[in-house]
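User: I would like to go through a structure with you, beginning with the overall fold. Could you take me through it?

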Amino acid sequence: MSCLFCRILQGEIPSRAVYSDERCYAFADIQPQAPVHLLIIPRQHIDSLANVTATDVELLGYLTAKAAELARELSLDHGYRVVINTGDDGGQTVHHLHLHLLGGRSLKWPPG
Ligand code: AMP
Ligand code: ZN
């Protein structure tokens, strides 16, 4: 299995778990860009947001709601950012769909 995040899901590569259920897994980003920087991934392998279809709508909603739930649990009361980097121009480096949850500091816009 070559996908990095599938290997993390299988426990072949260690990660710092924050949340886990039958549909998704959330863990600490190895190179945090903010005091809170989590990755939320589906257990199902989907390459990219670019490949999402109507059958994935419910899963996408689930992952987004989970990001909000984790943000509440982590008391990110001043706000946060949820990002899905997509494709080369979007800065996507791992080709397994993932939501970044960033918070704990004031984030700049535009991201550059
Ligand atoms: P993206 O650039 O949007 O594809 O995000 C990929 C993210 O995965 C980056 O923020 C990396 O720091 C993170 N990352 C890469 N390898 C690992 C790993 N082994 N454990 C946790 N996060 C990782
Ligand atoms: Zn994968």
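**Fold, cores and metal site**

Analyst: This is a predicted model. Helix H2 lies across E1, E2, E3, E4 and E5, and runs at about 155° to E3.

User: What is the order of the strands in the sheet, and is the pairing parallel or antiparallel?

Analyst: The order is E1-E2-E3-E5-E4, in an open sheet of 5 strands with antiparallel pairing. Strand E1 (17-20) and E4 each have a single partner strand and stand at the edges, so one side of each has no neighbour in the sheet. From one strand to the next, the twist averages 15°.

User: How many bridges join E3 to E5?

Analyst: There are 5 bridges between E3 and E5, which run antiparallel. Opposite Val36 stands Gly103, in E5.

User: Turning to the packing, which residues touch the most other members of the largest nonpolar core?

Analyst: They are Ile40, Leu63, Leu70 and Leu101, in a core of 16 residues. At least two residues of this core come from each of strand E2 (24-28), strand E3 (36-42), helix H2 (57-73) and E5. H2 gives the most, with 6 residues.

User: What is Leu70 in contact with, leaving aside its neighbours within four places in sequence?

Analyst: Leu70 is in contact with Val18, Tyr19, Ala26, Leu38, Ile40 and Leu101. There is also a second, separate core of 10 residues, and its members include Cys3, Cys6, Tyr25 and Leu39.

User: Now the metal. Which residues coordinate the zinc ion (ligand 2)?

Analyst: Cys3 and Cys6 coordinate the zinc ion (ligand 2) through SG, and His45 and His96 through ND1, at 2.0 to 2.3 Å. Along the chain, these donors follow the spacing C-x2-C-x38-H-x50-H. Cys3 and His96 link distant parts of the chain, being 93 residues apart. Cys3 is in the segment before helix H1 (4-9), whereas His96 is in the loop between strand E4 (80-83) and strand E5 (99-103).

User: Are Cys3 and His96 buried or exposed?

Analyst: Both Cys3 and His96 are buried.

User: And what is the geometry at the zinc ion (ligand 2)?

Analyst: The site is tetrahedral, with angles of 103 to 118° among the 4 donor atoms. For reference, the ideal angle for four tetrahedral donors is 109.5 degrees.

User: Why does the site of the zinc ion (ligand 2) count as tetrahedral?

Analyst: Four donors count as tetrahedral if all angles lie between 85 and 135 degrees. The site of the zinc ion (ligand 2) qualifies because its angles are 103 to 118°.

Methods:
Residues are numbered from 1 along each chain as its sequence is written. Chains are lettered from A and ligands numbered from 1 in the order in which they are written. This is a predicted model: local features need pLDDT of at least 70, side-chain atom pairs count only at pLDDT 80 or more; totals for chains, interfaces and linings use all residues. Side-chain values use heavy atoms; hydrogens and water are left out. Donors are N, O and S atoms within 2.8 Å of the metal (3.2 Å for Na, K and Ca); water is not among the atoms, so sites may look incomplete. Four donors count as tetrahedral if all angles lie between 85 and 135 degrees; four count as square planar and six as octahedral if opposite donors are over 155 degrees apart and all others between 65 and 115; anything else is irregular. Helices (H or I, at least four residues) and strands (E, at least two) are DSSP runs, numbered from the N terminus. Buried means under 20% relative accessible area, exposed over 50%, partly exposed in between (1.4 Å probe, protein chains only). A nonpolar core is a set of buried Ala, Val, Leu, Ile, Met, Phe, Trp, Tyr and Cys residues joined through side-chain atoms within 4.5 Å. Contact means heavy atoms within 4.5 Å. Two strands pair if DSSP finds at least two bridges between them. Axes are lines fitted to C-alpha atoms, for helices over the stretch in contact, and angles run from 0 to 180 degrees between N-to-C directions.
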